[in-house]
Amino acid sequence: MTKFGQAEYNDFVARVFVAKLDKIIEEIEKQQYNSRNTEDMYNRFPSSRDAS
């Protein structure tokens, strides 16, 4: 196992954190994009609430 100094360890932890954060942000952006597309699609059709 490689020995880390404090600076190397901090750099390693920061890189792992950023990689995980990028993955989370990417998933959130996909989810928001899908939600926006769904909202746009349903806005084209009148709802039953509007009819009453």
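These legends walk through a few close-up views of one predicted model.

The model is predicted, so local features need pLDDT of at least 70 and side-chain atom pairs count only at pLDDT 80 or more, while totals for chains, interfaces and linings use all residues. Residues are numbered from 1 along each chain as its sequence is written, and side-chain values use heavy atoms, with hydrogens and water left out.

View 1. Helices (H or I, at least four residues) and strands (E, at least two) are DSSP runs, numbered from the N terminus. The chain has 52 residues, and 0% of them count as buried. Here, buried means under 20% relative accessible area, exposed means over 50%, and partly exposed is in between (1.4 Å probe, protein chains only). Accessible areas come from the Shrake-Rupley method with a 1.4 Å probe, and for residues only the protein chains shown count as cover.

**View 2. Phe4, Tyr9, Phe12, Val13 and Val16 make a nonpolar surface patch.** The patch covers about 460 Å². Patches are made of residues with over 30% relative accessible area and no salt bridge; like charges are joined within 9 Å, and nonpolar side chains (Val, Leu, Ile, Met, Phe, Trp, Tyr) within 5 Å. Take tyrosine 9, which sits in helix 1 (residues 6-43). With a relative accessible area of 45%, tyrosine 9 is partly exposed.

**View 3. Arginine 15 pairs up with aspartate 11 in a salt bridge.** That term means a side-chain nitrogen of Lys or Arg within 4 Å of a carboxyl oxygen of Asp or Glu. Side chains of opposite charge can pair when their charged atoms come close. In this pair, the closest N and O atoms are 3.0 Å apart. The two residues are 4 apart in helix 1, so about one helical turn separates arginine 15 from aspartate 11. Arginine 15 is exposed at 58% relative accessible area, whereas aspartate 11, at 39%, is partly exposed.

**View 4. Glu26, Glu27 and Lys30 are linked in a network of salt bridges.** Glutamate 26 meets lysine 30 at 3.9 Å, N to O. Both of these residues lie in helix 1, 4 residues apart, or about one turn of the helix. Glutamate 27 also bridges to lysine 30, with the closest N and O atoms 3.9 Å apart. Glutamate 27 and lysine 30 are 3 residues apart in helix 1, again about one helical turn. As for accessibility, glutamate 26 is partly exposed at 43%, glutamate 27 is partly exposed at 46%, and lysine 30 is partly exposed at 44%. The salt bridge count comes to 3.
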